[in-house]
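Q: I'd like to learn how to read an interface between two chains. Can you walk me through it?

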Amino acid sequence: MCRRILVLLSSLMILATQTSCWSSKEIEDLALYAGLALDTAELSPTEQKLEEQGSTYTKRNRITATVQVVPANSVGGIESTDGSVSPYMNVTGTGDSVLEIFRQYSILRERPIIGHHLKVIVVSSELLKQQSMNQLMDFVLRDNDIRPSTMVFISHGRAEETMISKQKGVIPAFHIRDMMRNQKRTSKVLAPVILSKLDSFMYSKRSYALQNLVTANGEVEFSGAGVIKGNTGHWVGALSQEDTECLSWLTNRGQSGVIKTYDWSNEPITYEVKSLKSKITAKVDGDHLSFDVKLTTEGRLSETWNEEEYPAATHLPQKAEKLFNKRLEQMMQSLFHKLQSDYKADAIGFSSMLKIQEPALWRKLEDHWDEVFSRTPIHLEVDLKITDFGSFTL
Amino acid sequence: MIILFATIVSFVPGWAVFGQAGAALLVPLFLRYIYRSLYRFVGSGRGQIGHGTKTARQSQPPVPAHSDTPRPASFSGNYNSDLLAVRAAIGGNSDLHFREFTIAHSGARAVLIHISGMQNDRVLNMQIMQFLMYDLPAGSLSSAEIAGRLLPFSELKEEAAIDNFNKLLLFGHGGLLIEGLPCGLLVELPGSANRTIGEPVSEALLRGPRLGFSEVLSENTAMLRRQGFNDQLEMKSYRAGNTIQRDIVLAYMKDIVNPDLLEEVKNRICKIDFDFLAESGYIEQLIEDNYLSPFQQLQNTERPDRVISALLEGRIAIMLDGTPFVLIAPVTFSMLLQSPEDYYERWLPGTLLRLLRFTASFLALMAPALYISFISYHPGLIPTELAITIIKTRQGVPFPSLIEVLILEISIEILREAGIRLPKPIGPAMGIVGGLIIGDAAVQAGIVSPFLVITVAVTAISSFSIPMYSAGITLRMLRFVGMLFASVLGMYGTILFFLLICCHLSKLKSFGVPYLSPISPFRISDWKDLFLRAPMALMKRRPVMMKTRQNKRKS
């Protein structure tokens with residue numbers, strides 16, 4: 001009996017030694033990165049000095065990757081919340097492989113970085129002229145940690161500048177992510193393109209538009225969009241803020257925004273969109289393909305600087321509607337012109353409409369769609385209605 | 001076809017994977033082996049091998065061994081020798097009083113024996129003595145039958161065996177020996193100092209009867225009887241204990257209880273073979289199905305209303321003299337999280353409170369384990385802003401999360417244990433002050449993170465919301481096991497731990513009733529009273545799982 005207990009006990013002890021906390025990693029020993037910025041290669045001063053001392057490896061300098069680590073290292077228990085310490089820390093590396101650059105951080109910083117909490121990827125348009133989106137996003141899409149819900153942006157200037165904030169206590173990556181909420185207020189904010197959507201764009205070789213970030217004086221602004229051409233994956237041009245607005249309306253992703261124009265006495269008059277629907281129909285007449293775009297919108301006359309006109313006068317709505325109608329058409333035509341003539345890229349998504357409505361034709365045009373698109377006429381029809389004038393006293 | 005087959009074959013893993021699968025299979029087999037051999041080594045309290053099995057019917061429990069001294073086993077009728085025998089056996093007790101006298105008219109000698117403090121002296125002196133010495137009508141008290149006719153006492157029991165007579169005397173009965181009578185008479189029931197009946201301390205309710213059981217068995221049975229008019233409530237008395245015997249009463253509803261269940265409970269009670277049953281916990285441990293299980297297999301309660309409603313569901317109550325805790329058998333898991341208040345309040349609040357309790361018990365069991373697995377293994381599962389806050393607060397903490405949790409959990413458990421021992425007026429205050437100060441100071445000192453303090457506090461509060469104290473201890477204990485699992489295998493381990501508990505629970509039985517019923521085996525009609533408490537109008541039948549003799553609650 002004694003032997004049996006001994007056997008039992010020893011086997012239990014062996015069991016205990018077998019298991020150990022091998023994959024355990026305390027959260028405070030890890031560095032979360034919330035933002036990633038990709039730029040054309042440019043060595044940071046620290047890197048330059050390090051390389052001068054011979055600290056380098058076999059690489060071609062093609063990209064500079066900046067990760068935003070949160071929270072920045074701080075020693076001691078409870079951190080002071082007065083904001084004297086920056087809440088984030090940007091780490092930069094240059095090379096020709098995103099993963100290799102990431103691993104280089106491990107010989108620079110004590111905490112390994114993990115990508116679970118990556119929220120925002122910003123790619124500079126300069127870099128996208130040299131490298132295709134597929135090349136840059138390959139690692140990010142393959143990585144197991146990084147979520148497919150990460151949002152992708154384009155920056156007008158250097159992307160690493162979007163990861164710097166002048167305001168104390170603000171983490172730029174979160175700031176950019178949270179600005180997306182303003183989509184409710186203005187259609188100048190495009191619907192976010194997340195990694196999984198980007199993946200489908202890239203591999204179906206479709207052209208698409210990404211929200212553009214402009215930085216000045218430590219502030220980041222959403223301004224316009226950048227167009228990526230599907231078959232090359234390169235950046236081909238920028239869209240203005242109005243174009244971006246039209247783009248969200250055409251794709252039915254925007255239900256808000258303002259249309260401002262100047263009235264008969266050259267005073268500003270503003271229309272606020274309450275609802276907007278667009279319908280794109282492909283028309284095939286023999287070999288001749290064309291698109292009908294119908295915009296239906298209702299809204300409110302929110303502001304007019306014209307003091308002479310009595311706001312509720314019966315003739316005013318018709319007059320104003322006509323003005324706004326013209327303005328909206330103008331804006332739309334400008335977008336169409338840019339996409340068709342300048343960039344030759346269908347970032348609006350006419351292709352998917354054609355695919356659904358005329359699958360047989362689409363199969364024929366699939367391979368050179370962007371070329372076909374640039375030659376396809378688009379007929380625009382706008383139906384704008386002012387339903388109310390806001391509250392005002394008689 | 002061949003291509004298809006080849007495709008399938010290409011997915012068949014290599015020998016190494018099969019080997020791993022085989023090795024993984026060894027783990028449960030090994031655990032089972034350990035479990036079996038442990039059970040065989042220790043044996044069950046009932047002197048039987050195996051567990052959870054139905055005990056075979058046995059004739060009678062072995063009669064407790066008596067001393068072999070040659071003493072007259074029964075009264076002879078010879079006054080002198082009988083008295084001498086009694087005196088020889090128990091006369092050495094200083095609190096035993098012998099009062100000899102002569103009975104009126106017949107002139108027979110008699111002796112009244114009693115223990116001081118256990119009898120009302122006034123009754124003894126004024127009524128019994130007076131009657132025997134002056135008022136007894138003529139006639140020889142030569143047999144118990146005649147004595148029964150002549151003596152006008154409501155409590156009158158003859159006892160032929162001297163041993164038993166002595167035991168009863170020392171238990172507090174008043175004893176009477178009369179010349180010529182070949183047996184001893186017991187005239188008065190023992191009455192000793194009792195506490196007043198109070199509110200049940202461990203199961204306080206806001207709404208519901210304030211009555212709790214007391215230490216006196218007869219009072220407890222009376223409380224059950226006083227619940228209402230009924231002729232089917234049956235109580236059967238047993239006596240157990242080898243050195244000091246105690247009364248056990250089985251209570252059940254004759255027309256409801258399942259006869260097989262009743263037979264099983266009686267069997268197990270009869271087989272109790274132990275020195276002394278100090279509390280009903282002894283019975284619980286001696287008759288339960290599986291003593292290696294962390295879960296209790298009999299419910300203990302102080303509330304008569306709880307007992308009577310259990311009886312109406314076809315369960316059996318086991319009452320022991322000397323303790324206010326009554327056992328209810330069989331017990332199912334859901335009973336541990338139910339409170340009588342669920343039924344006293346209207347069904348919507350009752351349901352809400354019950355669901356709250358289920359949530360709380362889950363938290364009490366899993367919260368620290370989840371904390372450890374999130375912190376140490378899955379930082380990606382925490383919302384980003386929270387993750388950042390946790391990192392900030394934990395940056396000064398020198399310990400891995402398991403040690404951190406253990407420090408705080410153990411100190412909270414110590415605090416709780418100390419709170420029970422502390423004198424009543426300062427107990428709660430000490431608990432609050434201790435908890436606050438320890439929590440706050442530990443954070444200030446950088447030993448634990450503030451987030452953990454929240455976790456531990458939620459856990460502690462949750463475990464207090466479980467209405468059964470014993471069930472609360474079970475969860476408190478299992479919590480530590482869960483923490484170990486979480487610290488070794490992360491979320492995977494936590495889920496594994498939960499599954500292990502589920503496996504164990506679904507295998508466990510209490511007196512033949514599956515512990516998890518009505519969840520497994522699935523009985524949809526009993527779900528009315530599981531997570532939800534259906535309106536009274538829907539509670540038409542008794543629980544199916546109890547297989548009651550008649551199942552209608554409504555006419």
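A: Start with buried area: that is the accessible area (1.4 Å probe) that two parts lose on being put together, summed over both. Here chain A and chain B bury about 2,800 Å² between them, with 66% of it on carbon and sulfur atoms. Keep in mind that this is a predicted model, where local features need pLDDT of at least 70 and side-chain atom pairs count only at pLDDT 80 or more, while totals for chains, interfaces and linings use all residues. Residues are numbered from 1 along each chain as its sequence is written, chains are lettered from A in the order in which they are written, and side-chain values use heavy atoms, with hydrogens and water left out.

Q: How many residues does each chain bring to the contact?

A: Contact means heavy atoms within 4.5 Å. By that rule, chain A brings 36 residues and chain B brings 31 residues.

Q: How many salt bridges are there between chain A and chain B?

A: A salt bridge is a side-chain nitrogen of Lys or Arg within 4 Å of a carboxyl oxygen of Asp or Glu. The count between the two chains is 3. One of them pairs Arg394(B) with Glu28(A), whose closest N and O atoms are 2.8 Å apart.

Q: Is Phe18(B) buried, partly exposed or exposed?

A: Buried means under 20% relative accessible area, exposed over 50%, and partly exposed in between (1.4 Å probe, protein chains only). Phe18(B) is at 45% relative accessibility, so Phe18(B) counts as partly exposed.

Q: Where is Phe18(B) relative to Arg394(B)?

A: From C-alpha to C-alpha, Phe18(B) and Arg394(B) are 43 Å apart in space, and they are 376 residues apart in sequence.
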